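Please open the model in a viewer and follow the stops below in order. Each stop names a selection and then describes what is found there.

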Amino acid sequence: MTNDDDDTSTQTLETVAEKVTENDIPTTAPPPQDSHNTKSEAAMESLSAIIPSIPPSQNPSHSLLHDPQISDQITALLRHPSSGTGDNNLCRWLYDTFQSGDPKLQLVVIRFVPVIACAYLSRATLRRPLAGFEAILLALYAHETTSRAGQPVTVNVPDMSNPSLYHEPTSPTKNSTNNSTSLHISVVSPSLEPHRTVRSTRRAWIVGVALELYYSKIYEMPLNSKVEFCESVRVWACGESGPSQLGEEQGRRISLPWELLQPIMRVLGHCIVYCGGSKDNMVIFDAAMVACKALHERAVQDINPKGILVTESLLRLGNSSIISLEEPKDNKEQENDTYCDKNDNNGQQQLLGDSTDEEEEDDDDDDDDESEDICSDINNHSGPITGDLEY
């Protein structure tokens, strides 16, 4: 790589980044329906020049978000080794689509954040010019900066030492009455400062903000996008120790600081807790458990206390979801059927005069044997929290 190429890629990135900061997404009312249809049709038409095989649709924005044929082609192009440069047509389309200001079209771009982040982080360590990926990430970062208006993302943590409508503290403090109205605020994400370029020192921070935006729209993301996110997390966690099955080139070990790890854990928590309670979403749940286990092993190698604590908690929740799905749901009906069968058998034995005390003792012994078998099955099913899972 020559110095002229470095200067050209830097100038291209700076030009696009300045456009990002100047054309921030306005916080106004959503556009009219006619304007939305016009923008969606224009986006579909411009994408047809990049991806020739696009099926016709009466709802372009819905097809761009949910059609697997379109999403698979876009994903394959983003994972291509030549993607991510400043003159890449697909990166330009994603950037322009997000800058259109249409919320439904913005969801289309956010849907591919896992693939973009995975390809970018995997290749950034190879010191290649990735101005196309960086322009998209800067557009997402500028959107979040404008939406937060310089304010951090905080949550109110309840203080159990103060009384409430639901409980009384066991040992009230002297100043509990004075502090009853005080708020314990925890900062989830600090305030954002505008950036025009992506430097190595703030690369993880900008990608982490893009993942936070992805998490805020997680309920509107299709199934394939969540699976792609879990696969990307597995690639980041494995690094050089595990081969990639996504076609990504393996560079140096990807750093996973807390500003990048925290939004990853939030998305994985959704995939494990929300999707683990339903058999229809087991594909997402399985992929999330594999990614969480890989992150746990990575956190142990890096001696990351926060990462170890969070991943162990997620694995506990995942294991409890597996046990709850395997337990029979009609225990009461089974007990009633067993009770009725026993009563019928006892009635028949009384009529025939064949009931004896020895048979009752044999029945009791059989019940004891069945209870021992059930306990042994439960003990065999439960294992160490972080042990090998069959995924």
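Begin with C91, which counts as buried in this predicted model, its relative accessibility being 3%. Next select C118, likewise buried, with a relative accessible area of 1%. Across the whole structure, a search finds zero disulfides.

Is S83 buried or exposed? Its relative accessibility is 2%, under the 20% limit, so S83 counts as buried. Display the polar contacts of its side chain. A polar atom of the S83 side chain lies 2.7 Å from the backbone oxygen of H80. The S83 side chain also makes a polar contact of 3.0 Å with the side chain of R123. To complete the surroundings, select L77, L78, N88, R123, L130 and F133: S83 is in contact with these residues, leaving aside its neighbours within four places in sequence.

Now select R111 and F112. R111 lies over the face of the F112 ring, at 4.5 Å from the ring centre.

The remaining stops concern aromatic pairs, of which the structure holds two. A pair of aromatic rings is described by the distance of the centres and the angle of the planes.

Select Y214 and F229. How far apart are the centres of the rings of Y214 and F229, and at what angle are their planes? The centres are 5.9 Å apart and the planes stand at 15°; this angle is under 30 degrees, so the pair is stacked. The pair links distant parts of the chain, with Y214 in helix α9 (residues 203–216) and F229 in helix α10 (residues 223–238), 15 residues apart. Colouring by accessibility shows Y214 as buried, at a relative accessible area of 0%. F229 also counts as buried, at 0% relative accessibility.

Finish with Y219 and Y274. Their ring centres are 5.5 Å apart. Their planes stand at 85°, which is over 60 degrees, so this pair is edge-to-face. Here too the pair links distant parts of the chain: Y219 belongs to the loop between α9 and α10, Y274 to helix α11 (residues 258–276), and 55 residues separate them. Which class of accessibility applies to Y219? With a relative accessible area of 61%, Y219 is exposed, because the value is over 50%. Y274, at 48% relative accessibility, counts as partly exposed.

Conventions: Residues numbered from 1 in each chain as written. Predicted model: local features only at pLDDT ≥ 70, side-chain atom pairs only at ≥ 80, totals over all residues. Heavy atoms only, no water. Phe/Tyr/Trp six-rings, centres within 6.5 Å; stacked < 30°, edge-to-face > 60°. Helix = DSSP H or I, 4+ residues; strand = E, 2+ residues; numbered from the N terminus. Buried < 20%, exposed > 50% of the residue type's maximum accessible area, 1.4 Å probe, protein only. Lys NZ or Arg CZ within 6 Å of the ring centre and 35° of its normal. Disulfide = S-S within 2.5 Å. Polar contact = N/O pair within 3.5 Å; in protein donor to acceptor, adjacent residues only side chain to side chain. Contact = heavy atoms within 4.5 Å.
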